[in-house]
Amino acid sequence: MIDKLSKRITSFLIHEESISEENAEIYQYGVEITISSVLNVVLIMLVSVFTKSILSGAIFLMIFITLRQFSGGYHATTYFRCNVIFLFTYIFVLLMSRYVVISFWANSIFILLGIIGLLLFAPVPNVHKPLTRDACKKNKRNAIIIYILFSLIELLLFEAIPYYSRVLFFTLMSIMMLIIFEIFMQRSGLHESTKNSC
């Protein structure tokens with residue numbers, strides 16, 4: 001569906017002479033990514049409205065979009081799977097935030113393990129989005145800074161607003177799980193990996 005829609009939009013833009021035909025594939029890919037991203041946001045906000053958790057949805061999207069941009073992680077092979085996994089990740093975060101309570105020390109240990117994970121693995125290489133050595137270093141640094149900032153906010157909210165602290169915590173942990181899962185997929189040969197990894 002996204003593929004067909006992006007082809008139509010690209011064809012329309014070529015017909016209107018807004019873009020050149022030789023760059024059609026690049027523009028089509030950009031349109032596909034944009035449509036998929038918008039659909040992801042709409043799905044999360046629809047679930048948030050339905051479950052009366054709009055702030056949780058906004059927190060999830062803010063953390064997920066900003067951190068994943070630099071850390072990388074699991075990438076589904078189709079847009080449909082991507083949308084489904086993204087939606088289920090949010091539902092997982094919502095359920096865990098509502099029904100699972102962990103101690104401050106356990107929370108802190110998991111946060112520390114996340115930082116170690118980013119130091120070791122971020123950014124996760126992606127064949128569709130190759131990075132230069134400099135870009136790898138920059139993305140790693142940005143991922144760690146963003147992760148630490150959100151972690152500090154989460155720890156500050158731990159006693160004051162525990163539910164939203166857990167939303168932050170489980171969103172961060174879900175990103176780390178997706179990073180580990182993608183590394184597993186690449187090392188087991190189920191996903192293509194780049195020759196020049198970060």
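This is a predicted model: local features need pLDDT of at least 70, side-chain atom pairs count only at pLDDT 80 or more; totals for chains, interfaces and linings use all residues.
Helix α3 is followed by Gly72, whose phi is positive, near 75°.

**Overall composition.** The protein contains seven helices and zero strands, and its elements run α-α-α-α-α-α-α from the N terminus on. Of its 198 residues, 41% count as buried. Among contacts between residues at least 6 apart in sequence, 77% join residues at least 24 apart.

**Helix α3.** At 1.5 Å a residue, the 18 residues of α3 should span 26 Å, and the end C-alpha atoms of the helix are 25 Å apart, which agrees. The buried residues of α3 are Ser56, Gly57, Ile59, Phe60, Leu61, Ile63, Phe64, Leu67, Arg68, Phe70 and Ser71.

**Two packed pairs.** Two packed helices are described by the angle between their axes and the distance between the axes. The table gives these values for both pairs.

| Helix pair | Residues | Axis distance | Angle |
|---|---|---|---|
| α3 and α6 | 54-71 and 133-160 | within 7 Å | roughly 155° |
| α4 and α7 | 79-99 and 162-187 | 9 Å | about 140° |

**The α3 and α6 pair.** The axes of α3 and α6 cross at roughly 155°; because angles over 145 degrees count as roughly antiparallel, α3 and α6 are therefore roughly antiparallel to each other. Their crossing is left-handed. On the α3 side, the contact is made by Met62, Ile63, Thr66, Leu67, Gln69, Phe70 and Ser71, which meet Asn139, Asn142, Ala143, Ile146, Tyr147 and Phe150 of α6. By class, this contact of α3 with α6 has eight nonpolar, five polar and no charged residues.

**The α4 and α7 pair.** Helices α4 and α7 pack at an angle of about 140° and are therefore oblique to each other. The crossing of α4 and α7 is right-handed. From α4, the residues Thr89, Phe92, Val93, Leu94, Met96, Ser97 and Arg98 meet Tyr163, Arg166, Val167, Phe170, Thr171, Ser174, Met177 and Leu178 in α7. The residues of this contact of α4 with α7 divide into nine nonpolar, four polar and two charged.

Key: Residues are numbered from 1 along each chain as its sequence is written. Side-chain values use heavy atoms; hydrogens and water are left out. Axes are lines fitted to C-alpha atoms, for helices over the stretch in contact, and angles run from 0 to 180 degrees between N-to-C directions. Helices (H or I, at least four residues) and strands (E, at least two) are DSSP runs, numbered from the N terminus. Angles under 35 degrees count as roughly parallel, over 145 as roughly antiparallel, 65 to 115 as roughly perpendicular and the rest as oblique. A crossing is left-handed if the near helix is turned anticlockwise from the far one by less than a right angle, and right-handed if clockwise. Contact means heavy atoms within 4.5 Å. Ala, Val, Leu, Ile, Met, Phe, Trp, Tyr, Cys and Pro count as nonpolar, Asp, Glu, Lys and Arg as charged, and the others, Gly among them, as polar. The expected span of a helix is 1.5 Å times one less than its number of residues. Buried means under 20% relative accessible area, exposed over 50%, partly exposed in between (1.4 Å probe, protein chains only).
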